[in-house]
Amino acid sequence: MKPLWKLDRTPPIGTPFDPGARHDVIIVGAGLTGLTTAVMLTRAGLDVAVIEAGEVAELATGGNTGKLTLLQGKRLAEIRRHHSASLLQAYVEANREGMDWLVGFADHAGVSYERRTDHSYAQDPSGLDSVREVHEAASEAGLQTRMLTRAELDEAAFPVVGATALDDQVTIDPALMAQALAEELLATGGTLHTGVRVTATHVLPEPRVETPVGPMFAEHIVIATGYPILDRGLYFTKMRAFRSYCVSFRVSGEVPESTFISLDSPSRSIRPVSPADGPGGTAQLIVGGNGHPVGRSDSEAAAVDDLIAWTREYFPDAEETHRWSAQDYESHNQIPFVGAMPRGLGSIRFATGYAKWGLSNAPAAALRLTAEILGASWHDRPSWMVKLGTRLTVPADLARGAAEGAKVAAAATSGWVEAERNPVPVPKPAEGEGVVANRSGRPVGISTVDGVTRAVSAVCPHLGGVLAWNDEECTWDCPLHASRFEADGTRIEGPALQDLKPLPRKSGG
């Protein structure tokens with residue numbers, strides 16, 4: 001499942017790892033958050049090193065739809081429902097500055113993009129109240145949105161009964177943007193290490209990160225890994241993780257010139273692709289949606305099949321070119337977490353919880369992180385930065401956290417119960433299938449991928465959740481805190497830091 005953006009593209013080549021090296025700042029993660037922060041700090045004259053376990057734009061950055069918008073589906077209405085108008089406005093202003101910074105960098109680096117009108121829309125009349133709620137929240141926050149009827153949405157060939165629209169938003173190739181950021185970092189004296197996993201951080205006796213190939217030291221450390229690895233603040237209890245899916249298509253007929261995202265279910269995200277904002281000629285349309293909590297789906301493959309069927313219903317000649325997915329994190333209080341990590345003694349910072357809107361939230365977070373690291377006074381920071389940096393948890397945040405905690409507990413219980421019902425030996429799984437079985441009271445995951453049948457521990461190394469098989473991506477996913485692993489047990493992402501333990505295929509074998 002390779003994203004459209006990564007087709008025939010060679011990622012930037014980093015520099016050899018130098019064990020024991022010292023820098024002003026170490027950033028863990030080479031997605032948009034890590035790279036924008038690195039470029040800002042390097043421009044300010046600091047010596048910055050970025051360490052990435054995979055390659056540039058490995059996960060969420062390389063797997064999004066490339067929609068850079070302040071409208072953000074139903075996000076603004078969700079924030080306003082539980083928070084003050086001033087906090088909502090601060091969030092919008094943060095994203096506006098993040099968007100302006102990223103577009104300005106694109107102009108500077110020669111990364112092309114398209115200006116498009118973005119729509120948050122309803123698929124049937126029951127969703128019109130949500131459309132009005134988004135419009136009212138956006139207007140209150142200072143955005144020039146407008147309400148549209150079905151008659152004013154001729155370009156939409158799919159079911160739409162109404163929408164709120166915001167002009168002058170952006171579509172861009174996110175992997176190309178990440179590549180340009182990495183290239184500037186290297187060109188201006190920064191350091192980039194890819195294929196190196198950070199396994200620990202320490203603040204005493206001096207701040208440093210640990211890797212399998214040695215330590216590295218810095219005055220400041222930034223964790224920019226989607227989910228904050230090395231979690232010192234129990235953020236896995238304050239967020240929930242979603243996987244959502246994208247399919248790109250080659251279409252001979254007309255496609256919408258604007259972008260759309262539905263506010264009602266099933267979720268649909270529609271994004272045209274042109275040579276200016278994506279790989280030219282490869283695909284003309286991206287359809288995404290069908291998001292669900294990680295590890296809690298009856299069938300991920302069915303979710304993708306549903307997107308394809310829906311697209312071909314309204315674009316009959318649509319020819320699939322690529323399919324992929326991405327994982328995003330949403331904080332229970334709707335606002336991203338950015339700033340100092342608890343128990344980090346002011347040396348460790350992090351950013352997470354963008355709820356699928358990282359193209360503007362990531363550079364906004366980078367602006368905040370940069371201001372903190374450079375020691376900018378509160379008086380000199382923008383008002384949005386002060387407002388977001390001093391917000392308090394409200395009862396509604398705690399209620400949402402408690403509700404999600406109940407779901408996590410239910411998922412934990414059901415996983416162990418399901419394993420108990422399925423004692424080994426079990427039939428060999430068919431190609432692309434996996435099953436959790438019970439071996440001597442412990443869950444074991446057995447799968448067959450590319451003709452190889454393997455067995456691994458089906459207990460997540462992070463707090464012991466029983467894993468679920470992802471039948472679209474052939475991975476083991478944790479329904480508790482969203483760690484993910486390859487069929488052979490290799491860690492992909494999430495709070496877990498260890499791989500799954502390989503086991504013999506048969507008891508005693």
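Start with helix H8: 15 of its 16 residues are buried, so H8 is largely enclosed by the rest of the structure. Buried means under 20% relative accessible area, with a 1.4 Å probe and protein chains only.

A word on the source. This is a predicted model, where local features need pLDDT of at least 70 and side-chain atom pairs count only at pLDDT 80 or more, while totals for chains, interfaces and linings use all residues. Numbering runs from 1 along each chain as its sequence is written, and side-chain values use heavy atoms, leaving out hydrogens and water.

Back to H8. From first C-alpha to last, H8 reaches 21 Å, close to the 22 Å expected at 1.5 Å a residue. After H8 comes Gly-375, with a positive phi near 80°.

Now its partner. H1 (residues 32–43) and H8 (residues 358–373) have axes that come within 8 Å and cross at roughly 40°. That makes H1 oblique to H8. Oblique covers what is left once angles under 35 degrees count as roughly parallel, over 145 as roughly antiparallel, and 65 to 115 as roughly perpendicular. The crossing is right-handed. Among the H1 residues that meet H8 are Leu-32, Thr-36 and Met-40. Contact here means heavy atoms within 4.5 Å. By class, this contact of H1 with H8 has 10 nonpolar, five polar and no charged residues.

Second pair. The axes of H3 (residues 75–82) and H4 (residues 85–109) come within 8 Å, crossing at roughly 150°. That makes H3 roughly antiparallel to H4. Arg-75, Leu-76, Ile-79 and Arg-80 of H3 touch Ala-85, Leu-88, Tyr-91 and Val-92 of H4. Six of these contact residues are nonpolar, none polar, and two charged.

Methods
Axes fitted to C-alpha atoms, helices over the stretch in contact; angles between N-to-C directions. Helix = DSSP H or I, 4+ residues; strand = E, 2+ residues; numbered from the N terminus. Left-handed = near helix turned anticlockwise from the far one by under 90°. Nonpolar A, V, L, I, M, F, W, Y, C, P; charged D, E, K, R; others polar. Expected span 1.5 Å × (residues − 1). Buried < 20%, exposed > 50% of the residue type's maximum accessible area, 1.4 Å probe, protein only.
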